[in-house]
Amino acid sequence: MIVILLILSVIAGVFLGKHFGKKEKLAKNLLVLSAGFLITICLNEVFPQVYAVEGSSNLGIFVIAGVLLQMILEALTKGFEHGHVHHHSEHNILPVALMVGLFVHAFIEGIPLANEEQALSPYLLGILFHNLPISFILGAFLFNRKEGSKSSSYPSILIVALFALASPFGMLLGNYFNPDLQPYFLAIVGGIFLHISSVIIFESNKNHNIDWVKIGLVIVGVSLALIMHLFHNHDHVGHHH
C-alpha cells in the first residue's frame, strides 16, 4: 500500500507537470503549500520521534548532517526541489546529476518507512505531499522542453521511473537495517525536510514586500499538517515495532 502511494504521488505529479507545466505560478504555489506542511510534520512528528529515543542527545548531529547532505544534493540538482529550474539555462542541469541527486534524496526519505505499520502516517503524508510539487516540476521540465536540447539525450521516462522507485527501494533496504538505527535515519531526513521547507518559505520576495498569497499558502499547509497531527495515533512514538 505504502509503495503504491509513493509511486502514485510521483506519477500524478509528473502527469500534472506535463499538462500544466507552463503554469509556473501553480508549481510555486504547490511548493509553498507543501513546505508549510513539511515543516510542521518535521517539528510535530519527526523531531519528537527522534528525541523520544533514549540516548538521543547526539542525534542533533544527524539532523545537521541531513541539512548539509541536502545542500550537497542541491549542488547536483541546482535547487530543483525548490522549483529553481528557470533560474538557469536548462543545459545547466545535467540529467545524470539530476537523477543522482533526486534518487539519493528520495531513497533516504524512504528508509524510515521500513517499520511503518500505518498506511497513512504523517511522515508518509509529508513525503507524498512533498513528492507532488517536485514531480510536477520534473514533469514540466522533462516533457515541455524545446525539442533537440542537449538534455533530452536521456530518456525522460527513465528519470521518472528512478525517482518513483527511489523511496520504495529505500523502504525495502530499511527492512534489513538494525531497527536501532531508525532514529538516525529519521534525524537525517528531518534535517533534509527542515532545509527544503525553510528555503522555500523564507526565500526573499521581490523588494521584500509581504506576499500575502505565500503566507496564506503556508498557513494552509501548516493547518493541514496540524489536523493530521491531531487525528493521528501517536502511541508508537518512542519505540520500535
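## Helix packing and a nonpolar patch

Helix α1 passes helix α6 in a right-handed crossing (right-handed means that the near helix is turned clockwise from the far one by less than a right angle, left-handed anticlockwise). This is a predicted model, in which local features need pLDDT of at least 70, side-chain atom pairs count only at pLDDT 80 or more, and totals for chains, interfaces and linings use all residues. Residues are numbered from 1 along each chain as its sequence is written, and side-chain values use heavy atoms, without hydrogens and water.

**α1 and α6**
- The axes of α1 and α6 (residues 156–174) come within 9 Å and cross at roughly 160° (axes are lines fitted to C-alpha atoms over the stretch in contact, with angles from 0 to 180 degrees between N-to-C directions).
- α1 is therefore roughly antiparallel to α6 (an angle over 145 degrees; under 35 is roughly parallel, 65 to 115 roughly perpendicular and the rest oblique).
- In α1, residues including Ile2, Leu6 and Val10 meet a set in α6 that includes Phe163, Leu165 and Met171 (contact means heavy atoms within 4.5 Å).

**α2 and α8**
- Helix α2 (residues 24–51) packs with helix α8 (residues 212–231) at about 40°, their axes 7 Å apart.
- That pair is therefore oblique, and the crossing of α2 and α8 is right-handed.
- Among the residues making this contact are Gly36 and Phe37 of α2 and Gly221 and Leu224 of α8.

- Helix α1 (residues 2–20) gives three residues, the largest share, to the nonpolar patch (helices are DSSP runs of H or I, at least four residues, numbered from the N terminus).
- Phe15 is found in α1.

Terms used: Helices (H or I, at least four residues) and strands (E, at least two) are DSSP runs, numbered from the N terminus.
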